[in-house]
Amino acid sequence: MRFTIFFLFLVAFGYAQKTYQKEYFENGNMKAEGWIEHNLKTGYWKFYYESGKIQKEGNYQNNLLTNYWKFFYENGNVESEGYFLNNKKDKFWKFYYTNASPKEEGLYINNTREGYWRSFFPNMQLKSEGIY
């Protein structure tokens, strides 16, 4: 009986192992890399443009975006950065123009803009501000 339970335990948890996965574009450049557990993305992941430059990076939990994420333009500058909770934007977010100057910033709650937000012109002058 003990052997059967131990064997079932090994079978059940032996397949639950975390593995590091890499995906490639046809041109050989890295497409994505990160951890898989129970066939779901988990932990830290990085995604790339076909050119090889980073597109986005952040954490997954059970295949859902979670915690801090950073998104990039193909020129390498940051496009946006902020937090996710269960695949929905949450907490403070910042958005940028392709030249890296600030575009917008504010708070998300459950994927909806909330509270104080500011937006800027590409020359970094304040464009608007208000409460959602």
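Guide: A strand here is a DSSP run of E with at least two residues, and strands are numbered from the N terminus. In those terms, Ala 100 is found in the loop between β7 and β8 (102-109). Everything that follows concerns a predicted model.

Visitor: What pLDDT does the chain average, and what share of the residues score at least 70?

Guide: The average for the chain is a pLDDT of 90, and 88% of the residues score at least 70. Residues 1-12, however, have a pLDDT below 50, and beyond near neighbours in sequence this stretch has 1 contact in the model.

Visitor: What makes Ala 100 "partly exposed"?

Guide: Its relative accessible area is 37%. Buried requires a value under 20% and exposed a value over 50%, so a residue in between is partly exposed, and Ala 100 is therefore given that label.

Visitor: Which residue takes a positive phi in the hairpin of β6 and β7?

Guide: Asn 86 does, with a phi near 55°, in a hairpin that has 2 residues between the strands. The place of Asn 86 is in the loop between β6 (78-85) and β7.

Visitor: How do you know that β6 and β7 pair?

Guide: They share 6 bridges in the antiparallel sense. Pairing requires at least two bridges found by DSSP, so that count meets the condition. In one of these bridges, the partner of Tyr 83 in β7 is Asp 90.

Visitor: In what order do the strands of the sheet run, and what is the sense of the pairing?

Guide: The 10 strands run in the order β1-β2-β3-β4-β5-β6-β7-β8-β9-β10, forming an open sheet with antiparallel pairing. β1 (19-24) and β10 (126-131) each have a single partner strand, so one side of each is left without a neighbour in the sheet, and these two strands stand at its edges. From one strand to the next, the twist averages 10°.

Visitor: Why is the contact of Arg 113 with Glu 104 called a salt bridge?

Guide: The closest N and O atoms of Arg 113 and Glu 104 are 3.0 Å apart. The cut-off is 4 Å between a side-chain nitrogen of Lys or Arg and a carboxyl oxygen of Asp or Glu, so the pair qualifies. Both partners are partly exposed, Arg 113 with a relative accessible area of 23% and Glu 104 at 21%. Glu 104 is also the bridge partner, in β8, of Phe 95.

Visitor: How many salt bridges does this rule give?

Guide: The count comes to 2. Glu 105 and Arg 118 also meet in a salt bridge, at 2.4 Å from N to O. Glu 105 lies in β8 and Arg 118 in β9 (residues 112-120), so the pair ties together parts that are 13 residues apart in sequence. With a relative accessible area of 13%, Glu 105 is buried, whereas Arg 118, at 30%, is partly exposed.

Visitor: What makes up the largest nonpolar core?

Guide: That core has 13 residues, and those with the most contacts inside it are Trp 45, Phe 47, Tyr 60, Trp 69, Phe 84 and Trp 93. The elements giving two or more residues are β2 (30-37), β3 (40-48), β5 (64-72) and β7 (88-96), and β5 gives the most, with 3 residues.

Visitor: Which residues is Trp 45 in contact with, leaving aside its neighbours within four places in sequence?

Guide: Its contacts include Gln 21, Ala 32, Trp 35, Ile 36, Lys 56 and Tyr 60. Gly 34 is also in contact with Trp 45, and stands opposite this residue of β3. The strands β2 and β3 pair in the antiparallel sense over 6 bridges.

Technical notes
Residues are numbered from 1 along each chain as its sequence is written. This is a predicted model: local features need pLDDT of at least 70, side-chain atom pairs count only at pLDDT 80 or more; totals for chains, interfaces and linings use all residues. Side-chain values use heavy atoms; hydrogens and water are left out. A nonpolar core is a set of buried Ala, Val, Leu, Ile, Met, Phe, Trp, Tyr and Cys residues joined through side-chain atoms within 4.5 Å. Buried means under 20% relative accessible area, exposed over 50%, partly exposed in between (1.4 Å probe, protein chains only). Helices (H or I, at least four residues) and strands (E, at least two) are DSSP runs, numbered from the N terminus. Contact means heavy atoms within 4.5 Å. pLDDT is the predictor's confidence in each residue, from 0 to 100. Axes are lines fitted to C-alpha atoms, for helices over the stretch in contact, and angles run from 0 to 180 degrees between N-to-C directions.
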